[in-house]
Amino acid sequence: VPALRVEAVTEATPEVVEAIGRLVPQLSSSPIPTNDEIARIVASGATTLFVARLASDGETEGAIVGALTLAVFTIPTGVRAWIEDVIVDESARGRGVGEALTLRAVEAAELAGARTVDLTSRPSREAANRLYQRLGFHPRETNVYRFEVSST
Ligand SMILES: CC(C)(COP(=O)(O)OP(=O)(O)OC[C@H]1O[C@@H](n2cnc3c(N)ncnc32)[C@H](O)[C@@H]1OP(=O)(O)O)[C@@H](O)C(=O)NCCC(=O)NCCS
């Protein structure tokens, strides 16, 4: 049994909801997603939620220690993909979990016919930036803009 396994989530089980709720605060101050919100990610044809399981000694079914969401969509210039919300639990970092999640997402994007896979990462996220560049992502010469929609 391989110790590290990446799987596409097919159901918003309590285990998955708990794991995402534990992981999101390690990336962002955004509110943690509800069961229904995770169910929507899973149900959408545009998004795939991947989780990584890492088994410790003696275990066969590892606990969820990382997650990533892939979005694939078609626009006039082709099928495109984005990787978002890559998060590995602090207790499991530096063991290739982030690499395995990212490679799996790239593979899924390729299978879906994507011409490109994009992501963003703040320069201060040093581990993340090293990881992506090591895996073959290279900086794009573009400005990334955001419009903040005021909450109602
Ligand atoms: C970025 C992140 C997903 C990487 O996950 P990971 O499973 O540690 O990734 P990997 O083990 O494949 O490699 C990560 C890099 O961190 C290094 N690293 C080693 N030990 C580490 C540790 N204890 N803690 C953090 N990073 C460590 C690894 O050596 C590797 O560097 P390298 O590319 O120079 O070899 C993870 O650090 C994380 O969740 N960070 C917080 C959230 C975040 O920044 N997400 C990315 C948003 S763009």
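## Around the ligand

Strand 4 (78–88), helix 3 (97–111) and helix 4 (126–134) each contribute at least two residues to the shell around the ligand; helices (H or I, at least four residues) and strands (E, at least two) are DSSP runs, numbered from the N terminus. This is a predicted model, in which local features need pLDDT of at least 70 and side-chain atom pairs count only at pLDDT 80 or more, while totals for chains, interfaces and linings use all residues. Residues are numbered from 1 along each chain as its sequence is written, and side-chain values use heavy atoms, with hydrogens and water left out.

**The shell**
- The ligand is surrounded by 21 residues, the closest being Val86, Gly94, Gly96, Gly98 and Arg130 (a residue is near if one of its heavy atoms lies within 4 Å).
- Helix 4 gives the most to this shell, with six residues.
- By type, the shell holds nine nonpolar, six polar and six charged residues, with Gly counted as polar.

**Polar contacts** (pairs of N or O atoms within 3.5 Å)
- A polar backbone atom of Val86 is 2.7 Å from a nitrogen atom of the ligand.
- For Gly96, a backbone N or O atom lies 2.8 Å from a ligand oxygen atom.
- Arg134 uses its side chain instead: one of its N or O atoms is 2.8 Å from an oxygen atom of the ligand.
- Taken alone, the ligand exposes 900 Å², and the protein buries 73% of that (Shrake-Rupley method, 1.4 Å probe).

**The strands**
- Strand 2 (residues 47–54) and strand 3 (residues 63–75) run antiparallel, joined by eight bridges; strands pair if DSSP finds at least two bridges between them.
- In that pairing, Val51 stands opposite Ala67 of strand 3.
- Strand 3 also pairs with strand 4 in the antiparallel sense, over nine bridges, and a hairpin joins the two through two residues.
- Here Leu70 stands opposite Ile83 in strand 4.

Note on methods
A polar contact is a pair of N or O atoms within 3.5 Å; within protein, one must be able to donate a hydrogen and the other to accept it, and residues adjacent in sequence count only if both atoms are side-chain atoms.
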